Structures are given as structure tokens and as C-alpha cells.
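Trainee: Please take one part of this model and go through it closely. I would like the cut-offs stated as you go.

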Amino acid sequence: MKRLLILAAPLALGVAACSQNAQDQTAEAGNAIAADAAATTRNAVSDVDAATDEAFGSAERHLDNAGNAIDRAADRADARADRAGDDIDRGLDRAGRSISNAADRAADATGNTLERAGRSLKD
């Protein structure tokens, strides 16, 4: 056991002597690792922020494009509805003229028939 202590004592003194140097280097390495981790975290946050901004910008553009497409479709639908309304109006005007002409012809025919009947009765 004494032999072990005699061999261990110089070793312990050597470790104790270099421990301040080792502690300084360990502290420097720890600081470097912390700085690298902080820089990596900042870069990651920056990358995530940029990707988020890009995604929101893209989504906004797509929503704007969709809104514009809906507006154009609504305008086309309005134009078609206006044309359909005009077509209906023209059709109703033609139908009204046809009915009026038919009523005039019927009235004329009725009047002629009554006149003939009246002449027949008079003769």
C-alpha cells in the first residue's frame, strides 16, 4: 500500500500542476462551444424567420391571385347575366309584338265577321 502511495504522489502532483492549465483550456473550449451554439441558434432563427416570411408572402400572393380570379369570374358571370337579360328582353318584346299582332288580326277578323253578319241581317 505504501508503495502505491509513493507512486501515486508524483502523479497527483503532476495532475494538480496541470489542472489550472487544463481548466483554462476547458473553459476556453466551453466558451467556444457556447459561442458556436449561440451563432448556430441565431442562424437557425434567422433561417426560420426568412422561411416563415417567404411562406406568408407566398400564401398572400396565392390568396390575392385567387381573389382576382374570383373577381374576374364574377365579372364574366355578370356580363353573361346581362347578355341573358338582354336576350330575355328581346324575346319578350318579340312575344309581345306577336301577341299584339295576333290580337289585332283577331279583332280585325271579328270586326269583319260582325260587319258581314250585320250586312246579311240588313239585306
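**A salt bridge and its surroundings**

Mentor: Asp87 and Arg90 form a salt bridge, with 2.1 Å between the closest N and O atoms. The term salt bridge stands for a side-chain nitrogen of Lys or Arg within 4 Å of a carboxyl oxygen of Asp or Glu. The model is predicted, so local features need pLDDT of at least 70 and side-chain atom pairs count only at pLDDT 80 or more, while totals for chains, interfaces and linings use all residues. Residues are numbered from 1 along each chain as its sequence is written, and side-chain values use heavy atoms, with hydrogens and water left out.

A search of the whole structure finds one salt bridge. Its two partners, Asp87 and Arg90, are three residues apart in helix α1, about one turn of the helix. The chain has one helix and zero strands; these are DSSP runs, numbered from the N terminus, with helices being H or I of at least four residues and strands E of at least two.

Asp87 has a relative accessible area of 43% and is therefore partly exposed. Arg90, at 42%, is partly exposed as well. Buried means under 20% relative accessible area, exposed over 50%, and partly exposed in between, with a 1.4 Å probe and protein chains only. Of the 123 residues of the chain, 1% count as buried.

Charged patches are also found on the surface. Asp71, Asp75, Asp78, Asp82, Asp86, Asp89 and Asp93 form a negative one, and Arg72, Arg76, Arg80 and Arg83 a positive one. Patch residues have over 30% relative accessible area and no salt bridge, and like charges are joined within 9 Å. Arg80, in helix α1 (residues 2–122), is partly exposed because its relative accessibility is 46%.

Methods: Patches are made of residues with over 30% relative accessible area and no salt bridge: like charges are joined within 9 Å, nonpolar side chains (Val, Leu, Ile, Met, Phe, Trp, Tyr) within 5 Å. Accessible areas come from the Shrake-Rupley method with a 1.4 Å probe; for residues, only the protein chains shown count as cover. Lys and Arg count as positive and Asp and Glu as negative; His and the chain ends are not counted. The place of a charge is taken as NZ of Lys, CZ of Arg, CG of Asp or CD of Glu.
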